[in-house]
Amino acid sequence: MKQLHAIMLLAVVLLAGCNSPENKALSKRSSSGKTCEVLIAADKGLYTGATQALLYSIFRAPQEGLPQDEPRFDVVNVPVSSLHNTQMFKMHRNVVICDVQGDNPDKFYIHHDQWAEPQTVIDIAASSEASLCEMLRKHAGRIVEEIYKDEYRRMDNAFYKDRNVELMQRVQEKYGFSLTLPKEFSWAKEDGDFVWLRKETKDFGLGVLVQVMPYNDERQFDTTKIWNRLDTMMRREVPGPADGSYMGTERRVALESRVVDFEGAKYCIETRGLWRLFGDFMGGPFVSYCLLSPDGKQIVELTGYVYCPRFKKRDYLMQVDGICRSIKWPKGE
């Protein structure tokens with residue numbers, strides 16, 4: 001009986017391990033490519049003029065909420081034949097196939113993890129260049145959304161492999177939900193239902209601010225109220241290095257808020273913009289999510305910010321964005 005019990009226990013442990021993000025990522029070859037990079041498979045005669053301009057308007061549009069212009073995605077172009085004949089290109093994290101042939105059926109497909117994992121493959125079969133452009137315009141929003149979903153999934157997998165177990169446990173014990181936090185992050189401050197998590201290096205700083213409150217009514221999701229809560233929280237909880245300095249939102253540049261789909265949450269408002277230190281000279285981009293918990297009883301506000309005066313900021317913002325997006329509630333809630 002002891003031997004049987006040991007075998008059963010081992011089976012449970014192995015099953016739990018197979019369900020972790022770390023092991024799920026091993027089920028296929030890992031995708032390649034840089035953060036927010038898109039490989040566009042389109043032949044030279046097509047990847048020009050108005051069609052190229054349309055593709056750039058979708059993928060190289062300025063990323064919202066950054067102090068200097070940076071493209072939403074970096075773009076690499078190869079011919080369609082090179083994609084199908086080269087294994088390296090098939091391993092790319094984000095692939096958009098623009099296949100124009102006279103006998104094509106004018107179809108739009110989205111495949112996840114087709115050749116690698118995590119991976120998004122947008123496959124557009126068009127009978128003409130005009131039909132291709134029509135489908136690109138029609139599905140532009142969904143294309144960007146699907147690529148971001150896998151970027152967040154990829155970020156979660158990467159952070160989970162090098163996770164800060166102790167920090168994640170503290171968050172779980174305090175709030176009941178989990179966040180995937182890399183090893184370099186530390187517990188900077190706790191105050192009631194507020195926690196400040198951050199990573200500091202000589203070149204940049206990243207942070208995630210967590211605030212939880214009871215849900216009373218839908219007025220709590222009014223954008224002006226969300227912005228004012230952000231300012232109140234930052235001023236109260238995040239002091240700057242100079243005496244009397246404190247963090248706040250930069251209202252001289254418009255904040256942008258919108259309703260977004262957020263996995264696990266019943267409702268979510270995303271806000272992007274810039275933060276600054278009042279009484280000092282520091283600032284940078286932030287992204288904030290105001291979530292309604294699955295049970296409808298709590299509002300969770302997750303705010304990721306970046307301080308990086310010397311380098312581009314898009315990919316760093318993506319990192320704190322990915323941490324916010326990694327929130328998971330216990331099953332059943």
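The following legends describe close-up views of a predicted model.

**View 1. The open sheet has five strands.** The strand order is E2-E1-E3-E5-E4, and the pairing is mixed.

**View 2. Strands E1 and E2 run parallel.** E1 covers residues 37-41 and E2 covers residues 74-78, and five bridges join the two strands. Glutamate 37 has aspartate 74 in E2 as its bridge partner. The chain passes from E1 through helix H3 (residues 49-59) to E2, a β-α-β crossover that is right-handed. Leucine 39 is placed opposite valine 76 of E2.

**View 3. Helices H6 and H9 pack against each other at an angle of about 85°.** H6 comprises residues 129-161 and H9 comprises residues 314-325; their axes are 9 Å apart. The two helices are therefore roughly perpendicular to each other. From H6, the contact is made by Tyr148, Glu151, Tyr152, Met155 and Phe159. From H9, Met318, Gln319, Asp321, Gly322, Ile323 and Arg325 take part. The residues of this contact between H6 and H9 divide into six nonpolar, two polar and three charged.

**View 4. A salt bridge links lysine 149 and glutamate 146.** The closest N and O atoms of this pair are 3.6 Å apart. Lysine 149 and glutamate 146 are separated by about one helical turn, because they are three residues apart in helix H6. In general, side chains of opposite charge can pair when their charged atoms come close. The structure holds 24 salt bridges, and the pair of lysine 149 and glutamate 146 is one of these.

**View 5. The peptide bond between glutamate 117 and proline 118 is cis.** Omega of this bond is about -10°. Proline 118 is located in the loop between E4 and E5.

**View 6. Cysteine 36 has a positive phi.** The value is near 55°, in a residue other than glycine. Cysteine 36 belongs to the loop between helix H2 (21-24) and E1. E1, in turn, is joined to E2 by the bridges of View 2.

Notes. Residues are numbered from 1 along each chain as its sequence is written. This is a predicted model: local features need pLDDT of at least 70, side-chain atom pairs count only at pLDDT 80 or more; totals for chains, interfaces and linings use all residues. Side-chain values use heavy atoms; hydrogens and water are left out. Axes are lines fitted to C-alpha atoms, for helices over the stretch in contact, and angles run from 0 to 180 degrees between N-to-C directions. Helices (H or I, at least four residues) and strands (E, at least two) are DSSP runs, numbered from the N terminus. Angles under 35 degrees count as roughly parallel, over 145 as roughly antiparallel, 65 to 115 as roughly perpendicular and the rest as oblique. Contact means heavy atoms within 4.5 Å. Ala, Val, Leu, Ile, Met, Phe, Trp, Tyr, Cys and Pro count as nonpolar, Asp, Glu, Lys and Arg as charged, and the others, Gly among them, as polar. Two strands pair if DSSP finds at least two bridges between them. A crossover is right-handed if, with the strands pointing away from the viewer, the path from the first strand over the helix to the second runs clockwise. A salt bridge is a side-chain nitrogen of Lys or Arg within 4 Å of a carboxyl oxygen of Asp or Glu.
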